[in-house]
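Biologist: Could you walk me through this one? I'm new to reading structures, so please keep it plain.

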Amino acid sequence: MLAVAIFSFNKARHGLSWEGFTLDWYLRLLQNEAILEATRNTFLLAILSTLLSTFLGTLFALGLERHPWGQGFRSFLENLLYLPVVTPDLILAAALVVAFGFLRAVFSLFEPGLLTMVIGHVTFQVAFVALVVGSRLRSLPRELDEAAWDLYATYPTYVRRVLLPLLAPGIVAGAMLAFTLSLDDFVISFFTAGPTSQTLPLIIYASTRRGITPEIHAVSTLVFLLTVVLVLGAERLTRRSA
Amino acid sequence: MGRVLVWYGELTTASSLARRGLLLLFPGFLWLLIFLVLPGLLLVPLSFAERGAFGEVVWTFSLENYQRLLGFGVLGFSLDNLIALLRTLWMAFWTTLICVFLAYPIAFFIRAQPASRRYLFLALVLIPFWTNLVIRTYAWQLLLAPEMPLARFLSALGLAEPGMALFPSAFAVYVGMVSAFLPFMVLPLYASVERLDMSFVEAAQDLYSSPWRAFFHGVLPQTLSGLTVGVILTFIPAMGMFVVPDLLGGAKNLLVGNLIQQAFYTMRDWPYGAALSLVLILLTLVALRLYRRYGKEVNLA
């Protein structure tokens, strides 16, 4: 990683010889339409899929943890959650390609593009969010629930005043995990992306074939720094509220 | 209306409780069903179908894809696919083993640090884990390039030809894979090493056992749970890897992941890709099974 960062300041366009320090590549980056477009797509994808998966995952965790399901149904649901975690992402990607292929025959909506990528990302994010939120839910004392009901709280009041504030750190941590997973993902995007929806990892991968330019070094460095900041932020947040 | 019951202070009925629970589960459940379970199941019939002339799927039942997998291809008999399968198992196995050997010292090193500094070292382990795999792998391409110190050093020793990049090669794939999966091994292992009760090791040392015996009887049984998680988190994704062998491996080091990627992406041969995917799933299940059995035996010892 350090090597990439160092070379992003290198003057030489080709080769790996060191020809002096420059910030040119970062300026060039701002003018490169393809990379800017890919950056927009990457973040749009990450934000959309995080919102959707956080919503779905939180509801799923609530449904799973807060209701007296029988042992069989419960372990079935838990296995369903572990499925995307243990399946190699390549298999998930392959299955999605096939499914989208068949769906496309019925709805034109499923042309490879941003939508299919969002669907692919949400599919593996939901499980991670549900697992994180679920573990937070299990650690919450139920006495607070009981207190709420003793004070004649209605269900909406209970959700708004008791459940959500207590659960918020878990939901935020889950969302941040989902967000970084989305930024990090390459395999699912690689299979479900369309020609108009390139993301940064895809561009970087493609340019390892065509020859890397220092602009790629620059953008890699930026992505790297951003992830580090996000992770440290998430860690701060969860530790403070734990 | 069922019987009224009290559920953690809430006055409700069993049926309304169940209705609310199902309502909460429903959206996520439906999503996973449509985009995870059904597509996965779809791969099974698809693997028996055939590829049409334009990459479309022709629904005629045939075993052709599996025959091709075993080497009976259009171009005559070749073992390439089988070798790729075996190579996948082989490389995933060695990657996991190397990760285990590297992760134990790292975990003990972090444990030996003062508590305030442990987080720093854990973060150092975590950072590559949060960096995009493509960028990381590409960084190895840079580091293994002929102009870089490592290649120069090796060629100065006469171990590599001067001016040659160290990739594509099996060595480069191992370097890439181990660095990709090391965090997955270190983290769960550290979690159990941190809780390790050293008195067992001290007892072993007092009884003049060799360091190896002290490790096997004092450390291994106590860290087995972390080790299990680490091995599963490393071995299974290592088998499905295609980015690293693609960027660092060259044609001689293709894994099943590369074959799947080619089938879906380059050749547009979905049925064949589905057959390959099912084989990979099968390998995963067998590995999990074997590991569980083997793991239990260690536990008893």
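**A residue and an interface**

Modeller: Let's start with B:Val219, which lies in helix H9 (residues 211–239) of chain B; helices are DSSP runs (H or I, at least four residues), numbered from the N terminus. Heads up: this is a predicted model, where local features need pLDDT of at least 70, side-chain atom pairs count only at pLDDT 80 or more, and totals for chains, interfaces and linings use all residues. Residues are numbered from 1 along each chain as its sequence is written, chains are lettered from A and ligands numbered from 1 in the order written, and side-chain values use heavy atoms, leaving out hydrogens and water.

Biologist: Is B:Val219 buried or exposed?

Modeller: Buried means under 20% relative accessible area, exposed over 50%, and partly exposed in between (1.4 Å probe, protein chains only). B:Val219 counts as buried because its relative accessible area is 5%.

Biologist: Which residues does B:Val219 touch, not counting those up to four places away in sequence?

Modeller: Contact means heavy atoms within 4.5 Å. By that rule, B:Val219 touches B:Tyr104, B:Phe108, B:Leu196, B:Val201 and B:Ala214.

Biologist: What is the area buried between chain A and chain B?

Modeller: Here 71 residues of chain A are in contact with 59 residues of chain B. Buried area is the accessible area (1.4 Å probe) that two parts lose on being put together, summed over both. Carbon and sulfur atoms give 82% of it, and the total is about 6100 Å².

Biologist: Which helix gives the largest share of chain A's side touching chain B?

Modeller: That share is 13 residues. They come from helix H5 (residues 89–106) of chain A.

Terms used: Helix = DSSP H or I, 4+ residues; strand = E, 2+ residues; numbered from the N terminus.
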